[in-house]
Amino acid sequence: MKTLRVSLLVALAALVVAACGSSKKSTSTSTATSSGTSSTSKTGPGAGKPTIVLGDKNFEEEYVLGDLYQQALQAKGFTVTLKPNIGSSEITWKALTSGQIQMYPEYTGTLLSAIAGQTALPTSADQAYTQAKAYAEKHGFTLLDRTPFSDSDALGTRVAFAKKNGLVTDADLKKLGHSLTLGGAPEFATRQEGLLGLEKVYGLNPTFKPLAIGLTYKALDSGQVQVSDVFTTDPQLTTGKYTVLTDTKKIFGFQNVAPVVKQSLLTTEGPAFAQTINSVSALLTIPALQKMNAAVALDKQSPAAVAHAFLVANHLA
């Protein structure tokens, strides 16, 4: 186990080179804990402040994000309870608006389409962020800084299937008609940034097969589905086994992460709260997330341990 932890630290320490704007090393004694715990440092700008209830959604990348923000805040003395694996955006947003949680990491494009019900696609990442923030603020929330990385939905398939059928873009799937079996999470079927958009914009007419989160690549490998909704930061996409089709019409939008936070929390917790969250978000590049996602999804490390290694390497824990 000691060797495993050392190896993880070494691998994630390489990410420091690309990380800019790291804060000075905290004097916190906080260590990696399992999701849902709220152990804190007794010193720092967050000491004595009310408990923060943080949530995350229902897949590996969100677990990592939840642990990153929780542990970074704990290192500054904030008391944080993490409620992980709440569900899809629709379910997690309801948890936020009902007061079960006070913040969670969300994707700007998904907030606009799945939560705000917006059908007009933003034309840039900046516009997606601005529109998502404006919507959140109408409901008593706001967005903190967005991450450098963007993780959008995409359509992925096995390399052999793409070559056999001449698939390069999403539009190429139209010729397969209803014989195409397309997989995705259940909510993919009802989203504009999903099956509805594929049907409307690209004229696709696939047979849709709902898949549980985490079963995407098993379904592709077994032939259960021929094409599936994937995330562009999935570590499996770096193996060379899969092809990601090009979304020429940009129906999957711009998907930078920005923590959605109850506005009153900013006042209650003080300026160090937002500063701490933003300092973590600033380091989250595509290579950083791909490495951390791989450690969780492929190497079966716990999200808490992976997040802790990254924060230690970047002097944030």
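Helices (H or I, at least four residues) and strands (E, at least two) are DSSP runs, numbered from the N terminus. This is a predicted model, in which local features need pLDDT of at least 70 and side-chain atom pairs count only at pLDDT 80 or more, while totals for chains, interfaces and linings use all residues. Residues are numbered from 1 along each chain as its sequence is written, and side-chain values use heavy atoms, with hydrogens and water left out.

**View 1. The whole chain, for orientation.**
Welcome to the overview: 12 helices and 10 strands make up the secondary structure of the chain. Of its 317 residues, 51% are buried, where buried means under 20% relative accessible area, exposed over 50%, and partly exposed in between (1.4 Å probe, protein chains only). A contact here means heavy atoms within 4.5 Å. Among contacts between residues at least 6 apart in sequence, 79% link residues at least 24 apart. The accessible surface of the chain is about 13500 Å², and carbon and sulfur atoms account for 56% of this area. Accessible areas come from the Shrake-Rupley method with a 1.4 Å probe, and for residues only the protein chains shown count as cover.

A nonpolar core is a set of buried Ala, Val, Leu, Ile, Met, Phe, Trp, Tyr and Cys residues joined through side-chain atoms within 4.5 Å. The largest one has 38 residues, and Leu68, Phe273, Leu284 and Met292 touch the most other members. Elements that each supply at least two residues include β1 (52–55), α2 (60–75), β10 (257–262), α10 (271–281) and α12 (303–313). The largest share, seven residues, comes from α2. Beyond its neighbours up to four places away in sequence, Leu284 touches Leu65, Leu68, Tyr69, Thr147, Pro148, Phe149, Leu289, Met292 and Phe310. In soluble globular proteins, nonpolar side chains tend to be buried together.

Among the buried residues are Pro303, Val306, His308, Phe310 and Leu311. Ala295 is found in helix α11 and is buried, with a relative accessible area of 4%. The C-alpha atoms of Ala295 and Val306 are 6.9 Å apart in space, although 11 residues separate the two in sequence. Just after α12, look for His315, which takes a positive phi of about 60 degrees.

**View 2. Two loop residues with positive phi.**
Most residues other than glycine have a negative phi, and most peptide bonds are trans. Asn85 is not a glycine, yet has a positive phi of about 55 degrees. Asn85 sits in the loop between β2 and α3 (89–97) and is partly exposed, with a relative accessible area of 42%. Lys250 also has a positive phi, near 60 degrees. Lys250 belongs to the loop between β9 (242–244) and β10 and counts as exposed at 54% relative accessibility.

**View 3. Ser152, a buried loop residue.**
Ser152 lies in the loop between β4 (141–143) and β5 (153–158). At 14% relative accessibility, Ser152 counts as buried. Leaving aside neighbours within four places in sequence, its contacts are Val230, Phe231, Thr232, Phe252, Gly253 and Gln255.

**View 4. The largest pocket.**
On a 1 Å grid over the protein atoms alone, a pocket is an open set of points with protein on both sides within 12 Å along at least five of seven lines, a cavity is a set of points where a 1.4 Å probe fits but cannot get out, and lining residues have an atom within 4 Å of a point. Grid points are joined across faces, edges and corners, and a volume is the space filled by probe spheres set on the points. The largest pocket holds about 460 Å³ of space. Its lining has 24 residues, and Glu60, Gly214, Tyr217, Asp234 and Gln236 lie nearest its centre. Two or more lining residues come from each of α2, α8 (216–222), β8 (227–231) and α11. The lining divides into 11 nonpolar, six polar and seven charged residues; Ala, Val, Leu, Ile, Met, Phe, Trp, Tyr, Cys and Pro count as nonpolar, Asp, Glu, Lys and Arg as charged, and the others, Gly among them, as polar.

**View 7**
The structure holds two cavities of 30 Å³ or more. The largest has a volume of about 220 Å³, and of its 19 lining residues, Phe59, Asp153, Glu187, Arg191 and Phe231 are the closest to its centre. The second largest cavity has a volume of about 50 Å³, and its lining includes Gly109, Leu112, Gln118, Pro122 and Glu193.
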